[in-house]
Amino acid sequence: ATDGGETVAHGESAGDIGYGKIILLGEHSVVYGRHAIAAPIPLDIRAEVKPQRDHIDLMIPRWGVEMRLSEPEPAISSLHASISLIAERLGVADRAMRIEVFPRVPRANGLGASAALAVAVIRAMARCFAVEISEREISNLAFDCEKIAHGTPSGIDNTLATFGRPILFRKDSARARPDIRDLATPRPVPIVIGLSGVATLTMQTVGHVRTAWQNNPQRYESIFSQIDELALAGVEALRKGDLAELGELMNIDQGLLNALQVSSREIEDLVQIARRNGALGAKLTGGGGGGAMIAVAEADRTESIASAMRAAGYNTFITEIR
Ligand code: MEV
């Protein structure tokens, strides 16, 4: 189950999976070539693909999705478009198949569900039809799917969904490949995830930030650069296992994300609840405008933070970065 305040362990899923993610520092500015830190969460998406006699069918029971991809839809959804793109790129668009998807990442919460779904389906489809594909190619194809869902993604979500380990990420438009550095921490970093209960479309918040940046590039570039400094300082805090410093960086990042106007009333409520209950730092994660937030805390505080959030009516997860 993905509801309620449970603690979920890493490595529970078998089969073809894509990882959900949190961004610790650097969302939005990462779209403009700055650094961001992201880590996988043990909520993932698993997919199975089986050959069948006719048609391409997509089933996501948990999300109430049943789609016949081999027939044109009145209004093509981004889901329809990205799964069709995967079949085409893998060279199996003319094969009949049943695609079943089992998400544990809540949808439209900025936790990377769309990228995780693309990665899981790519893996499962490639396995079903014995198509050879490298990890890098999986990430690249998921990136093309993300462009359908998000417009101008940085590439951080598909990278995390594929590789599933903590990274420092920077998009490099000059070389088509992003800079990706693995991050290590001497001790697990306890994280409480709070869900605002308000669905969010990353495409929209990314679009709002783009409009504001176009209207006043200098002003916004300077905010992006300040966030960049926080992300780089975050690498150091993680390396030392300094939770207090990491929390401080997250708090300041939340202030700057607020300046970008991508927070929301519910996110602010959750951030305040987390801080009042002993979190060392709290901020939104992902696209914002609703969706999810994260709080960092000493391990003995996570349960009381999560239960205060639940008492206020929000769903929570407790996890850790390691
Ligand atoms: C979404 O998880 C993170 C954003 O920075 C968008 C992106 O990097 O593609 C908001």
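Biologist: Which residue in β3 does Ile-17 stand opposite?
Modeller: Ile-17 faces Arg-46 there. Strands here are DSSP runs of E, at least two residues, and helices are runs of H or I, at least four residues, numbered from the N terminus.

Biologist: Before we go on, what kind of model is this?
Modeller: It is a predicted model: local features need pLDDT of at least 70, side-chain atom pairs count only at pLDDT 80 or more, and totals for chains, interfaces and linings use all residues. Residues are numbered from 1 along each chain as its sequence is written, and side-chain values use heavy atoms, with hydrogens and water left out.

Biologist: Back to the strands. How many bridges join β2 to β3?
Modeller: Nine, and the two strands run antiparallel. β3 covers residues 36-51. Two strands count as paired if DSSP finds at least two bridges between them.

Biologist: And β2, is it largely enclosed or open?
Modeller: Strand β2 is residues 16-25, and nine of its ten residues are buried, so the rest of the structure largely encloses it. Buried means under 20% relative accessible area, exposed means over 50%, and partly exposed is in between (1.4 Å probe, protein chains only).

Biologist: What about β6, how many of its residues are buried?
Modeller: Five of the seven, residues 97-103 being the strand, so β6 is also largely enclosed by the rest of the structure.

Biologist: How does β6 run against β3, parallel or antiparallel?
Modeller: Antiparallel, with seven bridges. One of the pairs puts Lys-50 against Arg-98 in β6.

Biologist: And in which sense does β4 pair with β6?
Modeller: Parallel, over four bridges; β4 is residues 56-60. Leu-58 has Ile-99 of β6 as its bridge partner.

Biologist: Switching to salt bridges. How many by the rule?
Modeller: The count comes to 18. The rule wants a side-chain nitrogen of Lys or Arg within 4 Å of a carboxyl oxygen of Asp or Glu.

Biologist: What does Arg-127 meet?
Modeller: The side chain of Asp-16, at 2.8 Å, N to O. Arg-127 sits in helix α2 and Asp-16 in strand β2, so this pair ties together parts 111 residues apart in sequence. Their C-alpha atoms are 8.6 Å apart. The helix spans residues 113-128.

Biologist: Which of those are buried or exposed?
Modeller: Arg-127 is exposed at 58% relative accessible area. Asp-16 is buried at 8%.

Biologist: What about Arg-34, which side chain does it meet?
Modeller: Glu-221, in a salt bridge of 2.6 Å, N to O. Arg-34 is in the loop between β2 and β3, and Glu-221 is in helix α6 (residues 217-240), so the pair ties together parts 187 residues apart in sequence. Arg-34 counts as buried at 11% relative accessibility. Glu-221 is partly exposed, at 26%.

Biologist: And Glu-266, what is its partner?
Modeller: Arg-265, with the closest N and O atoms 3.3 Å apart. Glu-266 is buried at 18% relative accessible area, whereas Arg-265 is exposed at 68%.

Biologist: Which residues form a network?
Modeller: Arg-46, Glu-48 and Lys-50 are linked by salt bridges.

Biologist: New topic, domains. Where do they fall?
Modeller: Domain 1 is 12-182 and domain 2 is 189-321. These bounds come from an automatic or database domain assignment. Their centres, taken over C-alpha atoms, are 23 Å apart.

Biologist: How much area do they bury?
Modeller: About 3,000 Å² between them, 68% of it on carbon and sulfur atoms. That is the accessible area (1.4 Å probe) the two parts lose on being put together, summed over both.

Biologist: How many salt bridges between domain 1 and domain 2?
Modeller: Two. Lys-283 also forms a salt bridge with Glu-27, with the closest N and O atoms 2.9 Å apart.

Biologist: And how many residue pairs in polar contact there?
Modeller: Twelve across the interface, both residues at pLDDT 80 or more. A polar contact is a pair of N or O atoms within 3.5 Å; within protein, one must be able to donate a hydrogen and the other to accept it, and residues adjacent in sequence count only if both atoms are side-chain atoms.
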